[in-house]
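Subject: Structure for you to look at

Hello,

Here is the structure I said I would pass on. Please open it first, then read my notes below with the model beside you.

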Amino acid sequence: SILVSGTRMAVRDSSTITQTDSNMTTTFTFANGNTATHTRTWSFLFTADTANTVEPDAALPAGTWPVNGNSTWTHGALTFNLALSTPTPVHFDPACADEPRFDAGVTRIVVTRGGGTSTVTIQYTGCGQYTVTRS
């Protein structure tokens, strides 16, 4: 089973979509009774390249998509934390034939687990093209 709680706010106009999740918790309960929990606080602001092209129930137009936030995953005694940012906002291009449909931007994820920290950086270099580095 899955239980979701927390606060989600989404606002849209004809050029932007904003979403903020505050203390959103998803608890997964498995058949054996074990649980796993994902708690997150994050936000994004999608801004269309061309004003007035965001429409209800329509495909997303091209635009920038900065995302920032923090997550904590817990399963039994295992816990890890993620800090997500887009130091260069990711650019979404619906014309891209390859997934992900990003053609520019950088996503950085700082992972802390067991007292150690590593950084995963994804740089989008063209439609569906990206490089991943870990440090």
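From the N terminus on, the elements of the chain run β-β-β-β-β-β-β-β-β. That is nine strands and zero helices. Both kinds of element are DSSP runs numbered from the N terminus, helices being H or I with at least four residues and strands being E with at least two. The model is predicted, so local features need pLDDT of at least 70 and side-chain atom pairs count only at pLDDT 80 or more, while totals for chains, interfaces and linings use all residues. Residues are numbered from 1 along each chain as its sequence is written, and side-chain values use heavy atoms, with hydrogens and water left out.

The chain as a whole

Taken along the principal axes, the C-alpha atoms fill a box of roughly 50 × 35 × 25 Å. Of the 135 residues in the chain, 27% are buried. Buried means under 20% relative accessible area, exposed means over 50%, and partly exposed is in between (1.4 Å probe, protein chains only). The accessible surface of the chain is about 8100 Å², and carbon and sulfur atoms hold 56% of that. Such areas come from the Shrake-Rupley method with a 1.4 Å probe, and for residues only the protein chains shown count as cover.

Among contacts in the chain with a separation of 6 or more, 39% are between residues 24 or more positions apart. A contact means heavy atoms within 4.5 Å.

The core

What makes up the largest nonpolar core? It consists of eight residues: F46, A48, V54, V90, F92, F102, I122 and Y124. The elements that give two or more residues to this core are β3 (35-48), β6 and β8 (116-126). A nonpolar core is a set of buried Ala, Val, Leu, Ile, Met, Phe, Trp, Tyr and Cys residues joined through side-chain atoms within 4.5 Å. In soluble globular proteins, nonpolar side chains tend to be buried together.

The aromatic rings

How many aromatic pairs does the structure hold? There are eight. One of them is W65 with F92, an edge-to-face pair at 6.0 Å centre to centre with 85° between the planes. W65 lies in strand β4 (residues 63-65) and F92 in strand β6 (residues 78-92), so this pair ties together parts that are 27 residues apart in sequence. W65 is partly exposed at 24% relative accessibility, whereas F92 is buried at 12%. Another aromatic pair is W73 with F80, which is stacked, at 6.4 Å centre to centre and 15° between the planes. W73 is partly exposed, with a relative accessible area of 30%, and F80 is also partly exposed at 30%.

For the terms: rings of Phe, Tyr and Trp (its six-membered ring) pair if their centres lie within 6.5 Å, and planes under 30 degrees apart count as stacked, over 60 as edge-to-face and the rest as tilted.

One aromatic cluster is formed by F44, F46, W65, F92, F102, Y124 and Y130. Leaving aside neighbours within four places in sequence, F92 is in contact with F46, L60, P61, A62, G63, W65, R101 and F102.

L84 is in strand β6. Not counting residues up to four places away in sequence, L84 touches W42, V67, N68, G69, T107, R108 and I109. The C-alpha atoms of L84 and S43 are separated by 10 Å, and these residues are 41 apart along the chain.

C127 sits in the loop between β8 and β9 (129-134) and is partly exposed at 34% relative accessibility. With residues up to four places away in sequence not counted, C127 touches D93, C96, D98, F102 and D103. The C-alpha atoms of C127 and A83, 44 residues apart along the chain, are separated by 25 Å.

Backbone details

Where is the cis peptide bond from E99 to P100? P100 is in the loop between β6 and β7 (102-113), and omega of the bond is near -10°.

N23, a residue other than glycine, has a positive phi near 50°. N23 is in strand β2 (residues 16-29) and is exposed at 54% relative accessibility. D57 is not a glycine either, and has a positive phi of about 55°. D57 lies in the loop between β3 and β4 and is exposed at 87% relative accessibility.

Regards
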